[in-house]
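Here are a few friendly notes to read alongside the coordinates. Please have the viewer open as you go through them.

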Amino acid sequence: MTLTYDATTTPVTVTNVTCMTARPSSNEIVCALVNGSSYFIRRYAAASGHAQQGSDFALPTGGTPVVANGGIAMITNDKVLVLSGSNNNGYIVDLSTNTGAAVASSTDRTGYSTFRPQQVAGQPSAGIAIGISLNVFKLCRVTSVGAATNINPTGSGWFTNEFFTCIIPKGTTRFLLGTTHGRIIEIDTDGVIIKQYALPERRRTLEHTANTVRQITQLAYYSDYVVAVTHLGELYLFDHDLGVVLQQQSNLCVSSNNGSMFWLSEANGPSVYTAYGANPVIQTNIADVDMCLTPMKFADIACISGAIRPTAINYCNGYIAVSRDNNNIYWFTTGSPRSVTLEPVTITDGASGVDGELIVVDDTVSPPQVMFATTVSENGRDVPVTSGKSSVLMVSTYGRGVHRNFDIRREAT
Amino acid sequence: MFIRNKQATLTFQNATDLECFAQNDNLLAVGTQSKEIRVTDLKTMGPPAGLTSFISTGAQTPTALAFVTATKIAVVYQGSSTAQIFNLSTGALTSLSAASIGPKYRLNGLAANISSGVAFHVTSTTGNVVRIDSTGGTSATLSPAWASGKVMFGVIHKPGSSNFLFACNDGTIREVDSAGTTLVSTITARTLTSEVGSRTLVPETMAMIGDNLFVGTTQGVLLHIKFSTDTLLDKRIISRPVNITSVTTDRPVIGLGFPAGNLLPVFFPQFGETAQNIALYAADSYPIIEVDSLASDQAIYVLGSGVNQSADKFWVSFGQGQVSVYDCPCQASLAEDTRIQDPVGLDVAGRILRIPMYPGMRQRKVESDTDIDDEETSIDYNLDNCEYLEVALTGTEFSTEKGSARIFEG
């Protein structure tokens, strides 16, 4: 998609944005804002004009102050959960009635670090949100009525000093977690571990054999593919079914423990990728990355002056909202979301599905182009198909070594 | 893995930063802050046979090197307007006529055409470039019309031609003849949309493999351009933006090393705050494929890197007076026999597709598509360090078409 600065609107002057999330059901961007020591919630239309929606909701400043820099997520279509980064307080604001209530006390939801993205994630259809903690193996599960439960998923082989660093929703009932030790974990809404796998070994020069432990700073999920970025500037695309790396890219500059790049993805929408630099930052680049191409392709790149907070960028309804510390929100349009048709593919040996690899080639053009390549688990996977071709060549391989098998077929599209 | 088995660490006089590098055939020349130039044969990891391998540059630190012939290296010094020629055959260091002062830290600050002995370097003066004629032993500052109003951040020789490419601060890349005066073609500036209008991507480093031009910009965006048609094939964010203004004080944002075969080293020449990554790209593919990488977990510079096809080596300098050398098989053209039989024993004509199996399934491309007759046929392939998937097709689409496949070890 082509990124275009939305110059039809004057940048909206607000106080500083600490974090923002999307409210897709209403095509809104929901922001947590700070004005001195006061925090409040404000919504803007993810539509032409970007008018403010409703009134500001002021978060309580006395008794149980909510320092709204720990993360924000929709917990239902109408309720937004905002967490403090500097204490264990949380607040749920009902955007339909502009009322709010504190979350019950909890000791495990401070987030791994303030102003980090993906410190809390919601599953609006389930009315559940989960925030990560500064305590080892600890998470905080919050329901839409404000109940809070500490949960502590643990798995074999985890390090005693391993923390969760980020969390995103997967589908409508699951979450994906990243850790300080390069682990990717899928859990259900009760914190039960469904699956886990880890980053591959980092290839270092022999002169410099220091730390190889890499924090996963952000995750993205789409159609059983996971993108993980690390604090040492690596980007990995995983087959989530099989937990294997499909593609890797190294970001060259590695500038801070907050991550040298960050990534934000909306299912079947744009993926926003920026390289995050040390001060002084003359500009921040923002990209739309198409995860469905082989390899992933930067569909377009835009930029904004200065540095942005990785918590203060989001996407909704064809608009990317970006804020930096100069009190403005800037908007970029992404055009129409990519139209991707997914087709289930299973590689079979006899009647049974098998793990294998699939390469789809458009050999009607010269030179022939690989349209899509992927691993496929025994349960099959959805692969993007492109119409308008008279045919494509589908090459499947499975097995190893002398037992490698091939299946070649031509498919109409 | 493409980068394998570390072969040697070349250690220079002291643990200061190395300044500049040049590569030709199997020779690697290094200019150091110890005010010397050292030449190493990457095949033997020792001094080149029959040639001078070391010379002191006196009071000056070399800041850019380029082979102008197989045995002569042009040398430029920051703060000095006099370039020199280091003759490896005689050991002589000869001064050229004075021109504008040379660049510092510029990975593409000096470039030569080894066939003609002509070289150019960039300089800080707006509108100027410096032409070196190593055969005539002269250097001269030029102010050609095409350069008017521009500062050139880098220059490379255009492979297979006598021309040079200049990266200009107006965003364009100018192809110029060997005299430096005639503009042959222009690669247009690329822009990004922003809140203050279009922002021009400023090129500063370049590498060219075949018709593929790779451009590192000060904004941290790498461009892949099909040169002959000025078509943008790919662009991606691989670094952070840095405000680059000077060719004598600023290090580039994206370092493009010496390429070979289809392999291009890419690195970050600025000081890394936590660690450093260096990537090896398959340069004949788009979107770009990263086929291998190395990392350092120290906050240091990557000063230079290259793939050496003659010696099948990859080298990288992370500073500290050292260059690390690894095996990296990278022949550009190998051959593998193939045939199609249907049934077994009966050769038939058909079509052969070859797909290199780069690490990572989402990194696939069709390298070749060849029609063969009903006999054993030799087909070239590019990588001897990679499995290949070979697909054979016979017949006509949907009706009589048959397919088969095999894997062979490249």
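1. A term to start with: a polar contact here is a pair of N or O atoms within 3.5 Å, where, within protein, one must be able to donate a hydrogen and the other to accept it. Please also keep in mind that this is a predicted model.

2. With that in hand, have a look at A:His240. Its side chain makes a polar contact of 2.8 Å with the side chain of A:Tyr197, and another, of 2.6 Å, with that of A:Glu186. A:His240 sits in the loop that links strand S21 (234-239) to strand S22 (244-250) of chain A.

3. Is A:His240 buried or exposed? A:His240 is buried, because its relative accessible area is 1%, and the cut-off for buried is under 20%. Leaving aside residues up to four places away in sequence, the residues that A:His240 touches include A:Lys170, A:Leu176, A:Asp224 and A:Arg381.

4. Now to the interface. Chain B and chain A bury about 6400 Å² between them, with 57% of that on carbon and sulfur atoms. Of the area that chain B buries against chain A, 15% comes from B:Ile237, B:Met361 and B:Arg362, more than from any other three residues. The contact involves 80 residues of chain A and 75 residues of chain B.

5. What polar links cross between the chains? There are 25 residue pairs in polar contact across the interface of chain B and chain A, both residues being at pLDDT 80 or more. On the side of chain B that touches chain A, strand S27 (residues 289-296) gives the most, with seven residues. By class, that side of chain B has 35 nonpolar, 20 polar and 20 charged residues.

6. Finally, strand S15 (residues 164-168) of chain B is largely enclosed by the rest of the structure, because five of its five residues are buried. B:Phe164, B:Phe166 and B:Cys168 point one way, and B:Leu165 and B:Ala167 the other way. S15(B) pairs antiparallel with strand S14 (residues 152-157) of chain B over five bridges, and B:Met152 has B:Cys168 as bridge partner. Four bridges join S15(B) to strand S16 (residues 173-176) of chain B, also antiparallel, and B:Leu165 is partnered there by B:Glu175.

Key
Residues are numbered from 1 along each chain as its sequence is written. Chains are lettered from A and ligands numbered from 1 in the order in which they are written. This is a predicted model: local features need pLDDT of at least 70, side-chain atom pairs count only at pLDDT 80 or more; totals for chains, interfaces and linings use all residues. Side-chain values use heavy atoms; hydrogens and water are left out. Helices (H or I, at least four residues) and strands (E, at least two) are DSSP runs, numbered from the N terminus. Buried means under 20% relative accessible area, exposed over 50%, partly exposed in between (1.4 Å probe, protein chains only). Contact means heavy atoms within 4.5 Å. Buried area is the accessible area (1.4 Å probe) that two parts lose on being put together, summed over both. Ala, Val, Leu, Ile, Met, Phe, Trp, Tyr, Cys and Pro count as nonpolar, Asp, Glu, Lys and Arg as charged, and the others, Gly among them, as polar. Two strands pair if DSSP finds at least two bridges between them.
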